[in-house]
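The entries follow the order in which I looked things up.

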Amino acid sequence: MWDQYNLGLLVVLISGVIGFLALALETDDLHRLLLLDLAEITTLGVIALLGTDLAEALVLPGLTVGIAELLALSQIYITKEQLKERPVRGLNIEVIQKADAPMIISVILVVYGLLLSGFTGGGVAGLGLVFYFMSRGYKENLNMLEMASGISWAIWIFAFFIFMFLPQYWFIALMLAAVGIVLKVTVKMSLVGTMWGEKHD
Amino acid sequence: MIEFIGGTPYYILEFGDELVYFTPYTITLFLLALTFTVLVIISRPEKQVDIAFGGDAYRTKEISLTEMRFRRYMAIACGLSSMGAMVTGDIFNFTLFTAMVGITNVGIVAAVKSPHVQNAAYQYGLVALSATVPLFAGAALYAASTGSLSMVELMRGSLPQVPLIAKALLVIGVIGEGMAPFYAAKAEMFRAPGAPYVIMCSLSSLLIFLRVIEIVMLG
């Protein structure tokens, strides 16, 4: 067991060193940002190597912080390079836009995600929605989705308060947390896939 | 009563995962962060004035109200996360607060239009982002070697010794968030106008460095 941990740690550290080497050699600002994201993943590897429930709980904030910094930096990069218009559309492939296949694949992913529940389920279901929105070039006001994300997050936090203050009702709290997180991650991921930074009124 | 490096704790709050304690050392740092946050909230920002040498000409830099509001918000967030880093008794929470200080530091100067400042902020952000790698890795090694992230447990002395590499990674991570030798990019960021807010960048990394010294001496 301990040997496995050491071996895993060695592999992760070597990949970290490779990532940082690439980072040191690269001179283009945008590529450095992308490489940094790659190097950042080794952090999650080190945390995940703990292999306990705690590790699962720690991977999420680690990931969130990484993404937050990445978003902040890309925003600065855009201002720095004075990039104004960034027309990004969905997959502009006629077959995908017209055919039923994306719909079927998305439905399978969403249903499977709902069955999985929790973070993983949210991720899988969100991926399905992202794929659907991307293939259809979806244009819609996403404020409702943002609101749903906020409310499901509140449900999740509320469930944690039940865990803390009324531990005898743990089952309802567990269900609330599971539903809250699956909605939250799904919505969040579909937003990431569709909000290209365009302005909504 | 357990004896901390920073003195006998006045107060320990252990509530679920949350662990907060105040020792004479941390309460000093906490009050310092609190004072500066209050200063940021109540003070009126400066207006930078450039004076042309050899003449009476000078020009003030106009900064829009929304930009100043955003910068004040980020400075307050930076103060709050520094305060959190000062009082938390959990290694991983400390690393999270440190990473958040890095983000808010970038945010304080992100709205500045000057390309010079933008560039410095971007370079600083790259360093801060890469510093989260050793930071979180250090915290994970703490958990792997001792089985606990609680500073109170570490201080009780019943846990195994923390390996030196974990402490070193934690310190490297904090250094990356804005201590020398990575201070250079940050110093360039201070060219941004808006005096009480940019000072928060400097103060927060100083406070966090003072705190990490206590943490590595614990276990």
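**Entry 1: Chain B overall**

I began with the secondary structure of chain B, which comes to eight helices and four strands. The model is a predicted one. Reading chain B from the N terminus, I noted the order β-β-α-β-β-α-α-α-α-α-α-α. I then took the extent of the C-alpha trace of chain B along its principal axes, which is about 70 × 30 × 30 Å. Chain B has 219 residues, and 48% of them count as buried. I also looked up how far apart in sequence the contacting residues of chain B lie. Among contacts between residues at least 6 apart, 72% join residues at least 24 apart.

**Entry 2**

Is strand β1 of chain B buried or in the open? I found that β1(B) covers residues 11–15 and that the number buried among its five residues is zero, so the strand lies largely in the open. Its partner is strand β2 of chain B, residues 18–22, and the two pair in the antiparallel sense over five bridges. Within this pairing I noted E14(B), which stands opposite L19(B) of β2(B).

**Entry 2: The contact between chains A and B**

I next turned to the contact between the chains, to which chain A gives 30 residues and chain B gives 26 residues. On the side of chain A that touches chain B, the elements giving two or more residues are α1 (2–25), α2 (29–48) and α3 (53–80) of chain A. Of these, α3(A) provides the largest share, 15 residues. Sorted by class, this side of chain A has 18 nonpolar, seven polar and five charged residues.

**Entry 3: Helix α2 of chain A against helix α4 of chain B**

What angle do α2(A) and α4(B) make where they pack? I recorded an angle of about 10 degrees, with the axes 8 Å apart. The two helices are therefore roughly parallel. Residues of α2(A) in this contact include L33(A), L36(A), A39(A) and V46(A), and those of α4(B) include L126(B), L129(B), V133(B) and F136(B). The charged residues D29(A), R32(A) and E40(A) of α2(A) also take part. By class, I listed 12 nonpolar, four polar and three charged residues in the contact of α2(A) with α4(B).

**Entry 4: Nonpolar cores**

I then examined the largest nonpolar core, which has 81 residues. Those touching the most other members are V106(B), I108(B), V109(B), A121(B), A139(B), M189(B) and M200(B). Helix α4 of chain B, residues 115–146, gives the most to this core, with 18 residues. For A139(B), leaving aside residues up to four places away in sequence, I listed the residues touched as I91(B), F92(B), T95(B), L149(B) and L170(B). Another core, of 18 residues, lies apart from the largest one, and A125(A), F131(A), V182(A) and M189(A) are among its members.

**Entry 5: A110 of chain B**

Last, I looked up A110(B), which lies in helix α3 of chain B, residues 91–110.

Definitions and conventions:
Residues are numbered from 1 along each chain as its sequence is written. Chains are lettered from A and ligands numbered from 1 in the order in which they are written. This is a predicted model: local features need pLDDT of at least 70, side-chain atom pairs count only at pLDDT 80 or more; totals for chains, interfaces and linings use all residues. A residue is buried if 20 or more other C-beta atoms lie within 10 Å of its own, exposed if 12 or fewer, and partly exposed in between; C-beta atoms are placed from the backbone. Two residues are in contact if their C-beta atoms, placed from the backbone, lie within 7 Å. Two strands pair if DSSP finds at least two bridges between them. A nonpolar core is a set of buried Ala, Val, Leu, Ile, Met, Phe, Trp, Tyr and Cys residues joined through C-beta atoms within 7 Å. Axes are lines fitted to C-alpha atoms, for helices over the stretch in contact, and angles run from 0 to 180 degrees between N-to-C directions. Angles under 35 degrees count as roughly parallel, over 145 as roughly antiparallel, 65 to 115 as roughly perpendicular and the rest as oblique.
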